Amino acid sequence: MDISTPPVKRLAAGLREQTAGLAAAVDGADPSGRVPTCPEWTVRDLVDHVGAAHRWALGLVEARATAPDSLAPPAVDVRPEDWASWLNEGAARLAEAGTREADTPVWTFLGTLPAAFWVRRMLHDTAVHHADAALAAGRPYAIADDLAADAISEGLELLSWPGAAQQRPSLAELRGDGQTLRLRPPEGDGWLITRTPDGVTWTRDRSEDADVVLHGRIADLLLVITRRVPPQDPWVLVKGDTALLAYWLERTAF
C-alpha cells in the first residue's frame, strides 16, 4: 500500500459508512430499474455484486487463502426488503475480519499482500457503487475527503501496477510520451499523472502545471475520474487538453 493509506481501522469504518449509504440509496428502489452509470446492470445486479464481493473477500481473509477458490463471487438471491441488513452484515463482517487479520498474508490479484488490502479494495469498490446507486435514485452522495482521496490513489496504484496491462490489455494504450493530467483539489496535495513509454506513473504535490488539469472537490474529482459524472459537471473545472482527458477516461472504463 502507499504510505499515505489510512489505517485499517479507518478503512473498515469507511467500508461500513459507504455500505450503509448504498443500502439507503437502494431502499425502496425497483430491483429491475436500470443503473445509468452501469448501463448493463439493474439495481438488483448492483446490490448482488457488492454484497457478494464483500462475502467473497471475507472468505479469502478468514481462510487466510493463498489462492482464490473462484475468480467470481457466488450467485445470490436476496429479497429487496432484506437488502439493507444483508449489505450491512457483509460489510461489518469483512471490516471486523480484515481489521483482526490486517497483517496476515493472503491472495490478491496483485500477488500475496496483507489482508488489509481487501478492506481497502472493497471500501473503494463500494464507494463507487454507492455513487451509482445514489445517482440512479437521484439521492445525495457523500464520502469523506480522506476516503475519496485514498480511492483516487488506489485507482492510480492499480493502473500503474506493472502487470496491469496483462490483466486488462486496453490499459497498454495509456502508455505515452510524457503527457500529463492533474487532479487539483482546493486544498492539500493533488495528483499528477504521467503517461510514459513504460506505463502510467503518478505523484502527489500542490503544483498546477499539466497538459490538462481538473479542479474540484476531492469527491467530485473521484466521480469524474471513475466516469460517474462527466467532465462537464458544474462542480469540476477542466483546463487544458480536453482530448487527452477524454482519451484517459475512455481507456480506464471498467
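The model is predicted, so local features need pLDDT of at least 70 and side-chain atom pairs count only at pLDDT 80 or more, while totals for chains, interfaces and linings use all residues. Residues are numbered from 1 along each chain as its sequence is written, and side-chain values use heavy atoms, with hydrogens and water left out. Helices (H or I, at least four residues) and strands (E, at least two) are DSSP runs, numbered from the N terminus.

**Helix packing**

- Two packed helices are described by the angle between their axes and the distance between the axes; the axes are lines fitted to C-alpha atoms, for helices over the stretch in contact, and angles run from 0 to 180 degrees between N-to-C directions.
- Helix α1 (residues 8–26) packs with helix α3 (residues 83–100) at an angle of about 175°, their axes lying 9 Å apart, and the two are therefore roughly antiparallel (under 35 degrees counts as roughly parallel, over 145 as roughly antiparallel, 65 to 115 as roughly perpendicular and the rest as oblique).
- In this contact (heavy atoms within 4.5 Å), α1 contributes residues including Leu15, Thr19 and Leu22, and α3 contributes residues including Trp83, Leu87 and Ala91.
- The residues of the α1–α3 contact divide into 14 nonpolar, 4 polar and 3 charged, where Ala, Val, Leu, Ile, Met, Phe, Trp, Tyr, Cys and Pro count as nonpolar, Asp, Glu, Lys and Arg as charged, and the others, Gly among them, as polar.
- With helix α5 (residues 145–160), α1 packs at an angle of about 100°, the axes being 11 Å apart, which makes α1 roughly perpendicular to α5.
- Arg10, Leu11, Gly14 and Glu17 of α1 meet Asp146, Leu147 and Asp150 of α5, and by class this contact has 2 nonpolar, 1 polar and 4 charged residues.

**His130 in helix α4**

- His130 is found in helix α4 and is buried, with a relative accessible area of 5% (buried means under 20% relative accessible area, exposed over 50%, partly exposed in between, with a 1.4 Å probe and protein chains only).
- The side chains of His130 and Gln18 are joined by a polar contact of 2.8 Å (a pair of N or O atoms within 3.5 Å; within protein, one must be able to donate a hydrogen and the other to accept it, and residues adjacent in sequence count only if both atoms are side-chain atoms).

**Thr252 and helix α8**

- Thr252 is found in the segment after α8 (242–251) and is buried, with a relative accessible area of 3%.
- The side chain of Thr252 reaches the backbone oxygen of Trp248 at 2.9 Å, and Trp248 is one of the buried residues of α8.

**Asp177 in a loop**

- Asp177 lies in the loop between α6 (164–167) and β3 (179–184) and counts as exposed, at 71% relative accessibility.
- Not counting residues up to four places away in sequence, Asp177 touches Arg195 and Pro197.
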